[in-house]
Amino acid sequence: MNTSGSPPIGVIPIFPEGGDLVEQVPSRVYFDAQDSLGKPVHIRGRVVDDEGNTVREVETQHEGRGVFEHQPEPDRTYRLQLDSPAAG
């Protein structure tokens with residue numbers, strides 16, 4: 001339940017540089033955080049693997065956009081877990 005008075009975070013698209021992540025190849029990954037009205041939001045979070053391990057901490061840098069380095073490991077899946085829509 002959102003009690004902050006702000007619209008909830010919408011879908012956060014993730015864009016691997018070059019279009020695809022390749023196992024064991026380091027890549028830059030870009031993301032664009034927006035609220036449900038399409039306005040940029042500042043977030044903090046973590047990339048977490050399928051075992052719940054934090055792989056990388058992430059944070060938006062400007063107008064809801066951020067970037068992080070990621071090197072996928074074989075037979076692993078990853079997700080972005082938000083820790084907070086950080087205060088402006």
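## Strand pairing

Two strands count as paired if DSSP finds at least two bridges between them. In this predicted model, strand β3 (residues 44-49) is joined to β6 by 6 bridges. The two strands run antiparallel.

## The three-stranded sheet

β3 and β6 belong to an open sheet of 3 strands. The strand order is β4-β3-β6. Pairing is antiparallel. The edges are β4 (54-59) and β6 (78-84), and each of them pairs on one side only. On average, neighbouring strands of this sheet are turned by 25° against each other, with direction ignored.

Strands of a sheet pair through backbone hydrogen bonds, in either a parallel or an antiparallel way.

## H70, a buried residue

H70 lies in strand β5 (residues 65-70). Its relative accessibility is 5%, so H70 counts as buried. The cut-off for buried is under 20%.

Which residues does H70 touch, not counting residues up to four places away in sequence? The contacts are L21, V25, P26, S27, V29, V47, V55 and Y78.

## V11, an exposed residue

V11 sits in the segment before β1 (14-16). Is V11 buried or exposed? V11 counts as exposed because its relative accessibility is 72%, and the cut-off for exposed is over 50%.

V11 and E73 are 62 residues apart along the chain. Their C-alpha atoms are separated by 25 Å.

Definitions and conventions. Residues numbered from 1 in each chain as written. Predicted model: local features only at pLDDT ≥ 70, side-chain atom pairs only at ≥ 80, totals over all residues. Heavy atoms only, no water. Helix = DSSP H or I, 4+ residues; strand = E, 2+ residues; numbered from the N terminus. Axes fitted to C-alpha atoms, helices over the stretch in contact; angles between N-to-C directions. Buried < 20%, exposed > 50% of the residue type's maximum accessible area, 1.4 Å probe, protein only. Contact = heavy atoms within 4.5 Å.
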